[in-house]
Amino acid sequence: MSATLEKTAVNVTPAHKRKIKKVAVLGSGVMGSRLACHFANVGLEVVLLDIVPFDLSDEEKANKAKRNSIVNGALKSTLKSNPSPVFTKAIGSKIKTGNFDDNLEWIADCDWVLEAIIERLDIKQQMFEKVEKYRKPGAMISSNTSGIPIEMMLDGRSDDFKAHFVGTHFFNPPRYLRLLEVIPSTQTNQEVVDFFMSYGEKFLGKQTVLCKDTPAFIANRIGVFNISAAFKLMEEMDMKVEEVDALTGPFIGNPKSATFRTSDVVGLDTLIKVATGVYDNCPDDEVRDMFKVPEYVLRMEKEGMLGDKSKKGFYKKSKDANGKRIIESLNVKTFEYEPKTKPRFDTIGNCRGVENLRDRLAKIRTQEDKAAKFLIKLSSYVNQYVSNRIPEITDELYRLDDAVKAGFGWELGPFEQWDAVGVAKTVAQMKEDGFEVAQWVHDMLAGGFESFYTVKDGAAYYYDVEAKDYKKIPGRDAFIVLDNIRSNTPVFKNDEATIHDLGDGVLNVEFHSKMNSIGQGVLEGINHAIDIAENEGWNGVVIGNDGAQFSAGANLGMIFMLAVEQEWDELNLAVSTFQNIVMRTRYSSIPVVVAPHGLTLGGGCEFTMHSDAAVAAAETYIGLVEVGVGLIPAGGGTKEMVLRASDGYGTMDPKIPAIVDRFTAIATAKVGTSAYEGMEIGVMTPLKDEVVINKSRLIATAKKRVLELHDRGYTQPVRRNDIEVQGRAGLAALYSGVSGFQIGNYASEHDALIAQKLAYVMCGGDLSAATKVSEQYLLDLEREAFLSLCGTQKTLERIQSIITTGKPLRN
């Protein structure tokens, strides 16, 4: 960032020495309450304050509960919201609530005070005046404003306050959206800026982006422009709401909410506010009129059609007489809701099968139907706009991409998308279509630079407009990005997996099957990596990838095909091979560390459970879910739950409740909605596993863990033959529970069959007394149960339903 920050005579703690232990959040609205939850998620002591209700009686004014009713009600509502703002339910109890009148002095021992009250400058200034009376010198102070100029908030504040003040613009919901825009004033000390950029990334799990103090900052400026351009093109090209959303969602690397569903989620009132703010405050914007809100959107606001918050917006959900959900879309011409249709375009049909997004974007530009013309023109609008925002909103183009990706969930940022389709070719096409990019883009191409990004020696570089040369993207030395090492010759590659050399004697197995499902190619890759590491003197193996999901589980298509064709010997061999390779991740002569994130289900969970250590992203959704498709975990998952129950028995008496808990987790297909919940349900363990808040650090941290295990003198573990199973006593308890569920109509006859087979495996079979057995004994039992279930028609129907519709069938 080229703007020079003014220096004051204030003594400021160096960024690397500063610690945050306690934080105060002022304002318990939607954002404030969720921020308090996320700060508690990462282990901070949190104080959450809000106003005393205005309408209290004299008697109620003396009642603490009544005085805190706003803040307590807001926090209670937030904790009930879905998706959950907390990693585990217990975290909510760590937030201390109070009010501004009685408890503002609580901020005196806080290391950071974050303001998240109403977006009115005068009210914020009044709050900061009160804060200054109690805030300790040197404490960080920030505003979560989404657009009020940072400089204007500082009138009348002390030099120490000004030096420690920044804008910290989080995106809602803050647990899930990774963007944190850091906006310094001209009087913010550089050490404070450096601290927030580092702390947000490392401890809060954010993609921190340094912004200039311009209207809407970076992400909203670009994201709302993109939505405004789509609004304009829909009218211009006479398209429907659902047609635009079919084109602007996952098909081009954006979230499923696409354009109009995103507008409904955000709220049309919020969208209008941002667009109007840019229009009013950016008189020199070359396409300012694009931010004029269309008449149909203004009418929607007037009629209270604000989106999810008003139960109707561009889409409306309802139920028919039979209770079936109906989704209707708004016809913006007639203002009537109509049944939502599934648009069909040749461009989608021709390009959907191209898995690689960059290749898909390039192929879209070769199409000629209405959909292609829409997308090409939309990208032309965006390309022209982002080129002209350098250096207005940021000096470095990578910051713009980072902000849009983290704030709006794009897989590729605008400049990355531009690179994917060819900069020079696109600029020429845009000119023919009446779009003109900024002069610096022409200068870049004239200087022999063909792309905005390049990779050198495994590091990413961006084109610096001022230097007219590539510069290394700073702050990423702590990350290992697999995209940056793809130009290197892989150690091994097949259609489903690639083995990369991460350096320092560590290999990485990356999956690239659909949904990173585990089939023959993935298993071959894992097995081959361990072979190479053991036989050629490598230090260890990481199993991890940069995809949206770690793994959705085993390849059900292969299982279904073998079962339908009754190839039982082949299916038995396939399951046995899966088990053997899962077991090899634990019982090899080198350390194997798994790095799960996102969906980590079924087989993905089993590999995680059997690793020497798991380094998991906090946002890991992990569990043994095979029961949902009519099966039981047979890649060692059932066995491992029994082993962990056995290890936890100690002097426990009776021991049955422990196995009941593990049985319930599998039988109900329980999924931990964070890595911490994964530990609570038993598929992860704090004894060997760790959690990383920032997913970008995952593979680098896993590599570090491999080296730590190796340097300690890693020794191959010995297979277990001391697992205590409960035999008939356990079976009686579990069968009784299953029968109760069936009698109460909570389980179908087939559900009961699955649960009984699971119980049989987990209790070690029909044994007359508690007995100690080997891992292989339990693996054989779970494989037999798995194969027998594959032979039932109802299980095959469930598998087929998942394959064809993505939804489980209840039969």
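The questions and answers below concern a predicted model.

Residues are numbered from 1 along each chain as its sequence is written. In this predicted model, local features need pLDDT of at least 70 and side-chain atom pairs count only at pLDDT 80 or more, while totals for chains, interfaces and linings use all residues; side-chain values use heavy atoms, without hydrogens and water.

Me: What radius of gyration does the protein have, against that of a compact globule with 811 residues?
Reply: The radius is taken over C-alpha atoms, and the globule rule is 2.2 Å times the number of residues to the power 0.38. The C-alpha trace spans about 80 × 70 × 65 Å along its principal axes. For 811 residues a compact globule would have a radius near 28 Å, and the protein agrees with this, at 28 Å.

Me: What percentage of the 811 residues is made up of buried residues?
Reply: Buried means under 20% relative accessible area, exposed over 50%, and partly exposed in between (1.4 Å probe, protein chains only). By that cut-off, the buried part of the 811 residues is 56%.

Me: Is A785 buried or exposed?
Reply: A785 belongs to helix α31 (residues 775-790). Contact means heavy atoms within 4.5 Å; neighbours within four places in sequence aside, A785 is in contact with I632, K757 and V761. Because its relative accessible area is 8%, A785 counts as buried.

Me: In which strand is the place of E328?
Reply: E328 is buried, with a relative accessible area of 17%. Its contacts, leaving aside neighbours within four places in sequence, include F314, Y337 and K340. The strand holding E328 covers residues 325-331 and is β10.

Me: What is phi of F217, a residue other than glycine?
Reply: Most residues other than glycine have a negative phi. F217 is found in the loop between β8 and α9, and at 0% relative accessibility it counts as buried. A216 is found in the loop between β8 (207-210) and α9, and its phi is positive, near 70°. For F217 the value is also positive, near 55°.

Me: Which residue does a cis peptide bond join to I390?
Reply: Most peptide bonds are trans. A cis bond joins N172 and P173, with omega about 0°. In the other case omega is about 10°, and the residue joined to I390 is P391.

Me: Where does P391 lie?
Reply: The cis peptide bond between I390 and P391 has omega of about 10°. Helix α16 (370-388) stands on one side and α17 (397-408) on the other, and P391 lies in the loop between α16 and α17.

Key. Helices (H or I, at least four residues) and strands (E, at least two) are DSSP runs, numbered from the N terminus.
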